[in-house]
Structures are given as structure tokens and as C-alpha cells.
Amino acid sequence: QVQLVESGGGLVQTGGSLRLSCATSARNFNTYGMSWFRQAPGAEREFVAGISWSGDMTNYIDSVLGRFTISRDNAKNTVYLQMNSLKPEDTAIFYCTARFGPWDNRHTRVGNYNAWGPGTQVTVSS
């Protein structure tokens with residue numbers, strides 16, 4: 001019954017930046033591990049970045065290391081994904097997702113998560 005809503009997607013040129021936000025009204029947001037996944041046309045949904053309840057632990061796929069930063073503000077029930085140095089291969093629908101319980105760096109599969117937002121489109125032109 002947790003509701004997640006992404007925002008901040010758009011069209012940018014190669015090398016540009018976007019900041020995605022994921023808002024939820026869930027009262028127990030500060031107990032959830034949160035992640036971002038993305039899905040390109042014709043591809044499977046893939047893990048991008050995750051963050052623990054407190055924000056002290058994060059995980060990223062290798063292709064975004066040094067370019068993307070996940071963060072959260074539990075007071076605002078919001079998680080963010082700052083994306084810099086964007087590349088055309090980053091083009092995808094980005095989804096916010098919540099895990100109802102302990103989170104660690106093994107949680108990189110769709111089945112590890114319990115609730116999903118509707119997604120926000122990110123398009124990077126070459």
C-alpha cells in the first residue's frame with residue numbers, strides 16, 4: 001500500500017545532469033531500503049543504485065559509479081538520484097522502489113523490492 005511517485009526526468013544532451021526525486025507519504029519510510037532501477041525499451045529492468053534506511057550504506061552498478069549519487073531525506077520521505085555526465089546509454093524509464101525491511105548490497109533484483117513508482121523518463125541525446 002506504499003505509494004511512490006518519481007519526478008525530475010527529462011531530455012538532456014550528453015554530459016548533462018538531472019536530479020530525480022521519489023516522494024512517498026509512507027509513515028515508515030525511514031525503515032525502508034530504497035533503490036532506483038531503470039528500463040530501456042526492449043530491455044529488462046536493471047538495478048542502478050540503492051541506499052539503506054539511514055543512508056549510511058549505498059550501492060551502485062559499475063556503469064554509474066562517479067556519475068550518479070543516491071541520497072535520501074527521511075524527514076521529507078524522499079529519495080533522490082543525482083545524475084551527472086549523462087550518456088545516451090542512460091536513456092530509460094527510471095523507477096523508484098522500496099524494500100520493506102533490512103537492506104544490503106545484495107538487493108539488486110526486482111524481486112528484492114516490495115513497492116514501485118510509475119517511473120519517469122530520462123532521455124539523453126547524443
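From the N terminus on, the chain runs β-β-β-β-β-β-β-β-β-β-β. That makes 11 strands and zero helices. The radius of gyration is 13 Å, close to the 14 Å that the globule rule gives for 126 residues, so the chain is as compact as a globular protein of that length. The model is predicted.

**Overall build**

Along the principal axes, the C-alpha atoms fill a box of roughly 40 × 25 × 25 Å. Of the 126 residues, 45% are buried.

The accessible surface comes to about 6600 Å². Carbon and sulfur atoms account for 45% of that surface. The chain carries 11 positive and 9 negative charges.

**The nonpolar core**

The largest nonpolar core holds 34 residues. Which of them touch the most other members? They are Met 34, Trp 36, Val 79, Leu 81, Met 83 and Phe 94.

Neighbours within four places in sequence are left aside here. Beyond them, Phe 94 is in contact with Leu 20, Trp 36, Phe 37, Val 48, Phe 68, Leu 81, Met 83 and Val 122, among others. Its contacts also include Glu 6 and Arg 38, as well as Gly 119 and Thr 120. Two of these partners, Trp 36 and Leu 81, are themselves among the core residues that touch the most other members.

**Two loop residues with positive phi**

Most residues other than glycine have a negative phi. Two residues here have a positive value instead. Asn 77 has a phi near 55 degrees and lies in the loop between E7 and E8. Ser 85 has a phi of about 50 degrees and lies in the loop between E8 and E9. Ser 85 is partly exposed, with a relative accessible area of 40%.

Thr 123 lies in strand E11. Is Thr 123 buried or partly exposed? At 28% relative accessibility, it counts as partly exposed. Not counting residues up to four places away in sequence, Thr 123 touches Gly 10, Leu 11, Val 12 and Thr 91.

Ser 126 is found in the segment after E11. Its relative accessibility is 86%, so Ser 126 counts as exposed. With neighbours within four places in sequence left aside, Ser 126 is still in contact with Thr 14 and Pro 88.

| Pair | Apart in sequence | C-alpha distance |
|---|---|---|
| Thr 123 and Met 34 | 89 residues | 23 Å |
| Ser 126 and Val 12 | 114 residues | 9.2 Å |

Met 34 is one of the core residues that touch the most other members, and its C-alpha atom is 23 Å from that of Thr 123. Val 12 is touched by Thr 123, and the C-alpha atoms of Val 12 and Ser 126 are separated by 9.2 Å.

Key. Residues are numbered from 1 along each chain as its sequence is written. This is a predicted model: local features need pLDDT of at least 70, side-chain atom pairs count only at pLDDT 80 or more; totals for chains, interfaces and linings use all residues. Side-chain values use heavy atoms; hydrogens and water are left out. Helices (H or I, at least four residues) and strands (E, at least two) are DSSP runs, numbered from the N terminus. The radius of gyration is taken over C-alpha atoms; the globule rule is 2.2 Å times the number of residues to the power 0.38. Buried means under 20% relative accessible area, exposed over 50%, partly exposed in between (1.4 Å probe, protein chains only). Accessible areas come from the Shrake-Rupley method with a 1.4 Å probe; for residues, only the protein chains shown count as cover. Lys and Arg count as positive and Asp and Glu as negative; His and the chain ends are not counted. The place of a charge is taken as NZ of Lys, CZ of Arg, CG of Asp or CD of Glu. A nonpolar core is a set of buried Ala, Val, Leu, Ile, Met, Phe, Trp, Tyr and Cys residues joined through side-chain atoms within 4.5 Å. Contact means heavy atoms within 4.5 Å.
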